[in-house]
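These are my notebook entries on a structure that I had not examined before. I set down what I looked up, topic by topic.

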Amino acid sequence: MMKVGSKLSRTPGRLILLGFIAPGLVTAVMGFSGCNHNTESPVRYSTSAPADCLPDIKLIDQYGNPFSLASLKGRPVLVDFFYTTCPGPCLVLTARMRSIADKLGASLGSKASFVSVTVDPERDTPTRLMAYAKEQRAERKGWIFLTGTPAQVDALMTRFK
C-alpha cells in the first residue's frame, strides 16, 4: 500500500492560510501529523507548535537543482508524498493541491509554497517529476517537486511521520 502524507507548516499569525488550505485536503489526505507532534487527532493544530520544523535536508528539484527544505522556513508550506506512477490517490491529492494553488494565485511562491516529494526516488528522476508536473498542470512558481536518494526520502518521511 502506498504511503501518502501531507503537512502544513505554519508560523503564528498565518492560521488564515491554514484555515483556507486544510478543509480542502482533509478528505484526500490520510493524515496531517503536523509539526506539533500531536497524536490525539490527525487534524488538530496548535499555534504553540514549533514554527520552523522543516529539516535541513537537501534534495533535487524537478529542474535537477539542489534544493534545501530549510530554505522555506518561516513561511507556510504544504508538503505531500506521492509517486509519478501512482494510479489514483496521488492524482486526487495533486488535483486538490492544484485547486488550492489556483485559489492562492500569486501568493503561491511569494507567501506560501507547496512541496511534493516522491516516494519512488529510484524511478522518479527530475525529468519524470517535471513531466508529471506538466501533465498535472502543477508546473507553477512556488510548487517544488523533489527527489533524492531512498535514504533521504525515508529520513524525510520519518520526520513527517
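Entry 1, aromatic rings. I counted six aromatic pairs, where rings of Phe, Tyr and Trp (its six-membered ring) pair if their centres lie within 6.5 Å, and planes under 30 degrees apart count as stacked, over 60 as edge-to-face and the rest as tilted. The ring centres of Trp143 and Phe145 lie 5.5 Å apart and their planes stand at 15 degrees, so I recorded this pair as stacked. I noted both Trp143 and Phe145 as buried (buried means under 20% relative accessible area, exposed over 50%, partly exposed in between, with a 1.4 Å probe and protein chains only). I also found one aromatic cluster, formed by Phe82, Phe114, Tyr132, Trp143 and Phe145.

Basis of the entries. I am working from a predicted model, in which local features need pLDDT of at least 70 and side-chain atom pairs count only at pLDDT 80 or more, while totals for chains, interfaces and linings use all residues. Residues are numbered from 1 along each chain as its sequence is written, and side-chain values use heavy atoms, with hydrogens and water left out.

Entry 2, strands. I took helices (H or I, at least four residues) and strands (E, at least two) as DSSP runs, numbered from the N terminus; two strands pair if DSSP finds at least two bridges between them. Strand S2 (residues 58-61) pairs with strand S3 (residues 66-68) through three bridges, in the antiparallel sense. Across this pairing I found Lys58 opposite Ser68 in S3. Four residues separate S2 and S3, which form a hairpin, and Gly64 in the turn has a positive phi of about 85 degrees. S2 is also joined by two bridges to strand S6 (residues 143-147), and these two run antiparallel. Here Ile60 stands opposite Thr147 in S6.

Which residues of H5 are buried? In this helix (residues 150-160) I listed Val153, Leu156, Met157 and Phe160. Viewed down the axis of H5, the buried residues fall within an arc of 100 degrees, so they line one face of the helix; the arc is that of the directions from the helix axis to the C-beta atoms. On the face of H5 turned away from the buried side I noted the exposed residues Ala151 and Thr158. Lys161 follows H5 and has a positive phi, near 60 degrees.

I searched the whole structure for disulfides and found zero, a disulfide being a pair of cysteine sulfur atoms within 2.5 Å. Cys86 is buried, with a relative accessible area of 5%. Cys90 is buried too, with a relative accessible area of 1%.
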